[in-house]
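The sequence and structure are shown first.

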Amino acid sequence: MVKDLKDLRRTEPPKDGLGERELLEAWLEFHRTTLLLKCEGLDDRARKARPVATSKLSLHGIVRHMAEVERSWFRRVLQRQPDAPFLWYDRAVEDSEMVPLDSANWEADLAAWQAECQASRDAAAARGLDDTGVTRSGESCSLRWIYVHMVEEYARHNGHADLIRELTDGAVGW
């Protein structure tokens with residue numbers, strides 16, 4: 001786990017020489033790191049800022065959301081643990097992992113997200129790409145599909161994080 005975001009480095013996966021699994025894992029790690037980099041150097045107020053008036057999105061909220069997403073796909077689906085408890089999400093309250101954040105603790109929430117990422121790595125390591133879990137609707141779902149979906153999910157939210165960060169303090173970057 002990353003203790004200090006200042007020490008964080010991100011490496012784009014090589015364009016050749018990796019097998020399918022290694023490439024999927026490398027891109028997922030790239031996007032996990034990208035989300036952390038978008039939070040680097042900000043104080044609590046800035047991480048909780050919601051600069052788009054019509055949106056509940058903040059950097060802190062996205063980190064919490066991605067912890068829930070990691071837990072959902074790797075624990076509930078891949079490991080077939082449909083009753084794995086939610087961290088923040090309340091089914092009765094839309095986007096409850098995103099808001100409110102007034103009393104949310106960044107260090108604790110970051111640690112929870114990092115723990116979910118590690119639990120996801122551990123769950124995936126014990127399985128092949130064709131191994132399947134079961135979605136909440138009862139559909140079979142391969143680890144390969146989960147990896148691709150997770151890359152897509154992080155990429156989409158990293159796009160949000162790019163805009164939030166630029167609106168918060170003007171920082172831009174890939």
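The text below describes the nonpolar core, the packing of helices and some backbone features.

The model is predicted: local features need pLDDT of at least 70, side-chain atom pairs count only at pLDDT 80 or more, and totals for chains, interfaces and linings use all residues. Residues are numbered from 1 along each chain as its sequence is written, and side-chain values use heavy atoms, with hydrogens and water left out.

**Nonpolar core**

The largest nonpolar core comprises 38 residues, and F74, W113 and M150 have the most contacts inside it. Such a core is a set of buried Ala, Val, Leu, Ile, Met, Phe, Trp, Tyr and Cys residues joined through side-chain atoms within 4.5 Å; buried means under 20% relative accessible area, exposed over 50%, and partly exposed in between (1.4 Å probe, protein chains only). Two or more residues of this core are given by each of α1 (20-39), α3 (59-78), α4 (106-125) and α5 (143-169). Helices here are DSSP runs (H or I, at least four residues), numbered from the N terminus. The largest share of the core, 10 residues, belongs to α3.

Leaving aside residues up to four places away in sequence, W113 touches R32, L35, L36, V63, M66, A67 and Y154, where contact means heavy atoms within 4.5 Å.

**Packing of α3**

The axes of α3 and α4 come within 9 Å and cross at roughly 25°. Axes are lines fitted to C-alpha atoms, for helices over the stretch in contact, and angles run from 0 to 180 degrees between N-to-C directions. The crossing angle makes α3 roughly parallel to α4, a term for angles under 35 degrees. By class, this contact has 11 nonpolar, two polar and six charged residues. Ala, Val, Leu, Ile, Met, Phe, Trp, Tyr, Cys and Pro count as nonpolar, Asp, Glu, Lys and Arg as charged, and the others, Gly among them, as polar.

For α3 and α5, the axes are 11 Å apart and the angle is about 175°. That makes α3 roughly antiparallel to α5, the term for angles over 145 degrees. The residues of this contact divide into 16 nonpolar, four polar and three charged.

**Backbone features**

Most residues other than glycine have a negative phi, and most peptide bonds are trans.

| Residue | Phi | Relative accessible area |
|---|---|---|
| R80 | about 55° | 48%, partly exposed |
| D95 | near 60° | 27%, partly exposed |

R80 is found in the loop between α3 and α4, and D95 lies in the loop between α3 and α4 as well. A cis peptide bond, with omega about -5°, joins V99 and P100; P100 is placed in the loop between α3 and α4.

Terms used:
Angles under 35 degrees count as roughly parallel, over 145 as roughly antiparallel, 65 to 115 as roughly perpendicular and the rest as oblique.
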